[in-house]
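I set out to record, in short entries, what I looked up in this structure. The entries begin with a term that I needed before reading further.

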Amino acid sequence: MNDPGDLRPNEEAVALEPASDATLRFIGTIHTPWRDRKDCPRQGRLDGPECQLVLDPVWHNALAGLEDYDTIEVLYWLDQSRRDLIRQSPRSDGQTFGTFALRSPVRPNPIGTSMVKLVRIEKGALIVRGLDCLDGTPLLDIKPDRCAFSPKAPQKTGNQPIS
């Protein structure tokens, strides 16, 4: 994954120690039609193919109420991505950009996020449209669309809008 020979013209990588400063808990696995990065779309489309978010059984009850949302945010771990590039050439044309100026899967912490259409929920699996990741990608989290979500807890005291 971090082969210096994989660099495009003008890309730049850094030498990194293995990451060990955070622990994530994968909650399931994502199933998509794409098995190779070259086939994977750059951005998911809401009219794209149906994909599945298959949750581990312990998390099935955590889905209660999610069916109320048309769109949800999915966070996932891009486990096939290299993590050492600080400058990238997305078009392979020699023009480079800093990693943080791109939505590339190649990043220090390869967390992917997509706003997807929730088609249906069936037996601990969410059927969605709009993903852009490889089949077998580890699932990190699921959240309601922040624009459609209204807090279910009372407002915190002392929280005043910032003006």
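**Entry 1. The largest pocket.** I noted first that a pocket is an open set of grid points where a 1.4 Å probe fits, with protein on both sides within 12 Å along at least five of seven lines. I also noted that the model is predicted. I then looked up the volume and found that the largest pocket holds about 1000 Å³ of space.

Which residues lie nearest the centre of the largest pocket? I found Arg 37, Arg 42, Ser 104, Pro 105 and Val 106 there, out of 32 residues in the lining. Sorted by class, the lining comprises 13 nonpolar, eleven charged and eight polar residues.

The greatest contribution is that of β7, which gives three residues.

**Entry 2. Ser 114 in β7.** I turned to one residue of this strand. Strand β7 spans residues 111–122, and Ser 114 lies within it.

Is Ser 114 buried or exposed? Its relative accessibility is 6%, and the limit for buried is under 20%, so Ser 114 counts as buried.

I then listed its surroundings. Beyond its neighbours within four places in sequence, Ser 114 is in contact with Ile 72, Glu 73, Val 74, Tyr 76, Gly 130, Leu 131 and Asp 132. With one of these, Tyr 76, Ser 114 also makes a polar contact of 2.7 Å between side chains.

**Entry 3. Strands that pair with β9.** I reminded myself that strands of a sheet pair through backbone hydrogen bonds, either parallel or antiparallel. Strand β4, at residues 71–77, pairs with β9 in the antiparallel sense over five bridges. Glu 73, which I had already listed as a contact of Ser 114, has Lys 143 as its bridge partner in β9.

Strand β2, residues 28–31, is also antiparallel to β9, residues 137–144, and three bridges join the two. Here I found Ile 30 bridged to Thr 137 of β9.

**Entry 4. The sheet that holds β5.** In what order do the strands of its open sheet run? The order of the three strands is β1-β5-β6, and their pairing is antiparallel. The edge strands are β1 (12–13) and β6 (97–98), each of which pairs on one side only.

Between β1 and β5 I noted two bridges, in the antiparallel sense. Ala 13 has Leu 85 as its bridge partner in β5.

Terms used
Residues numbered from 1 in each chain as written. Predicted model: local features only at pLDDT ≥ 70, side-chain atom pairs only at ≥ 80, totals over all residues. Heavy atoms only, no water. Helix = DSSP H or I, 4+ residues; strand = E, 2+ residues; numbered from the N terminus. Buried < 20%, exposed > 50% of the residue type's maximum accessible area, 1.4 Å probe, protein only. Polar contact = N/O pair within 3.5 Å; in protein donor to acceptor, adjacent residues only side chain to side chain. Contact = heavy atoms within 4.5 Å. 1 Å grid on protein atoms, 1.4 Å probe; cavity = no way out; pocket = protein on both sides within 12 Å on 5 of 7 lines; lining within 4 Å. Points joined across faces, edges and corners; volume = space filled by probe spheres on them. Nonpolar A, V, L, I, M, F, W, Y, C, P; charged D, E, K, R; others polar. Pairing = 2+ DSSP bridges.
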